[in-house]
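Open the model in your viewer and keep the selection tool at hand.

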Amino acid sequence: MKIRLDPLRGMRDLVAPESEELYYLKKKFSEVATRYGYEPIILPTLELFDLFSIKSGPEIKNSMYVFSDKRGRQVCLRPEFTAGVARAYLRLMRDKPKPIKLYYIGQAFRYEEPQAGRYREFFQAGVEYLGDPSINADIELLLLIRDYYKMVGLDNYKVKIGNIGIYRHLFSVWGIPEETQDLIIHYLDKKEVEKALSLVREYSASGQTLIEELMSISSSEPEEVKEQVSRLRLDSKSLEELERTIKILELSKKLGVGNSYVDLGFARGLAYYTGFIFEVTVPDVTFSIGGGGRYDKLISLYGGEDLPATGFALGLDRMLLVLDNRGWQLPEKKVKVVLIALVNYTVEVDQVATAFRNAGCVVDVRVVTKKKVGEVLGDAVERGYEYAVFLGEKEIREGTLTIKNLREKAQKTVKTDNLEEVLYELLRESK
Ligand code: HAM
């Protein structure tokens with residue numbers, strides 16, 4: 001049988017350097033989230049379709065991988081993590097003191113039309129902050145993103161801040177049922193504004209103008225946003241939401257969160273958002289590289305108590321695409337050493353390899369015959385290895401090692417009894 005070798009459309013085989021870079025981005029995310037007091041949560045890849053179908057929004061719902069399992073249950077590959085976190089919270093964490101701060105890194109699946117930066121299987125790194133209704137939690141999300149990007153070297157990004165709560169509130173006042181609200185918000189997200197407004201008109205004749213005015217509010221200056229808001233006639237609940245939005249903008253500017261700005265003209269695809277929403281963009285690409293917001297009703301929708309919550313997810317593949325196009329290189333390059341053992345694995349080979357590894361080097365042990373040495377060296381140079389260390393019977397007998405600098409071709413023989421000093425020199429020289 002001939003097996004098809006290409007992965008399915010929108011799926012990828014990732015090898016070095018991309019695979020190494022992706023691992024690096026994951027590692028750094030877990031580092032920064034941990035520093036902020038978030039704990040990791042690991043969720044199933046496969047969930048019941050119902051979990052996501054309730055509040056995912058039409059776009060994501062239509063792009064889910066859904067199928068029946070052997071017992072005929074409708075299951076799906078997770079298109080995102082927030083719904084799974086809410087489910088796991090209800091099952092495992094209800095009695096825990098609040099707030100609960102969780103982070104995750106993993107694959108999500110969406111059957112979308114693939115293109116650069118849009119895959120059917122992609123990596124998200126995100127956090128969920130459960131149990132704090134205040135903007136302090138929202139701000140913390142932005143700070144975490146700020147620190148993460150700084151850590152990995154991604155600059156020149158923008159944070160677009162919006163608020164879906166104002167619209168939801170007005171829609172409710174005008175008697176628009178929640179399902180229709182979701183549809184209007186979906187149209188707004190797809191920039192099909194006329195479709196959205198025509199639905200609004202069915203419930204409120206004057207509503208359309210107010211929605212249009214609100215949607216045109218946009219500025220990076222808090223004072224300007226205040227001035228634009230002051231021209232509108234709004235009820236106290238809408239004003240309260242707007243004040244929160246302005247406060248988030250003020251704070252994120254003060255705290256150096258990218259180039260932040262308010263834009264009330266955007267919505268997000270997921271239907272569970274209830275207030276603050278945001279998206280992260282870079283000038284290099286048209287799609288967002290991260291997004292999130294507040295979803296204060298999701299836990300109660302799943303049968304739990306009223307639990308305010310906020311969170312975000314970053315698209316790691318998209319981040320990597322941007323970083324690579326900007327000529328980014330892995331910042332934590334390790335010294336790579338190929339240890340050419342001309343004897344079978346022995347205690348001595350292991351001791352030398354361990355000493356180099358403990359000093360922070362990458363050590364690839366190759367047990368070879370003399371005839372193969374040239375080939376292994378050529379391969380090591382091609383794979384970016386800097387040093388070759390030779391260990392044969394003679395070296396073991398004499399307690400020595402031969403170290404070859406593969407770039408400069410220089411070679412020296414050293415004693416193994418003062419390996420620490422040798423390694424110190426080697427690491428200094430390779431910097
Ligand atoms: P989302 O905006 O649907 O939000 O996805 C977050 C990020 O995942 C996007 O900004 C993008 O970088 C990446 N992404 C989405 N789809 C694809 C794709 N097909 N290919 C590559 N990358 C993609 C959420 O998923 C929410 N769960 C975020 C959240 C957490 N809100 C509250 N808590």
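Start by selecting Y38, which is buried at a relative accessible area of 2%; buried means under 20% relative accessible area, exposed over 50% and partly exposed in between, with a 1.4 Å probe and protein chains only. Before moving on, note that this is a predicted model, in which local features need pLDDT of at least 70 and side-chain atom pairs count only at pLDDT 80 or more, while totals for chains, interfaces and linings use all residues. Residues are numbered from 1 along each chain as its sequence is written, and side-chain values use heavy atoms, with hydrogens and water left out.

**Aromatic pairs**

The structure holds 15 aromatic pairs. Rings of Phe, Tyr and Trp (its six-membered ring) pair if their centres lie within 6.5 Å; planes under 30 degrees apart count as stacked, over 60 as edge-to-face and the rest as tilted. Y38 sits in the loop between α1 (18–35) and β1 (39–40), and Y129 in strand β6 (residues 121–130), so the pair ties together parts that are 91 residues apart in sequence. Helices (H or I, at least four residues) and strands (E, at least two) are DSSP runs, numbered from the N terminus. Y129 also counts as buried, at 7% relative accessibility.

Next, pick Y272 and Y273, another edge-to-face pair, with 4.9 Å from centre to centre and 65° between the planes. Y272 is buried at a relative accessible area of 5%, and Y273 is buried with a value of 5%. Then select F29, Y103, Y148, Y149, Y157, F276, F278 and F312, which ring pairs link into a cluster.

**Into the core**

Where does Y149 make its contacts? Leaving out residues up to four places away in sequence, Y149 touches L154, Y157, V280, I289, L314 and M319, where contact means heavy atoms within 4.5 Å. The largest nonpolar core has 111 residues, and those with the most contacts inside it are L25, F29, Y148, Y149, L154 and L214. Such a core is a set of buried Ala, Val, Leu, Ile, Met, Phe, Trp, Tyr and Cys residues joined through side-chain atoms within 4.5 Å. Helix α5 (residues 135–152) gives the largest share of this core, eleven residues. Another core lies apart from it, with 22 residues, among them L339, A341, V389 and I403.

Select α9 (residues 207–215), where G207, Q208, L210, I211, L214 and M215 are buried. They cover an arc of only 165° around the axis, which puts them on the same side of α9; the arc is that of the directions from the helix axis to the C-beta atoms. These buried residues pack against α6 (165–173), α7 (178–189), α8 (193–201), α11 and β9.

Now try α10 (residues 222–230), whose buried residues are P222, V225, Q228 and V229. Their arc is only 120°, which puts them on the same side of α10. Turn to the face away from that buried side to find the exposed residues E223 and S230. Cover for the buried residues includes β8 (218–219), α11 (236–254) and β9 (259–263).
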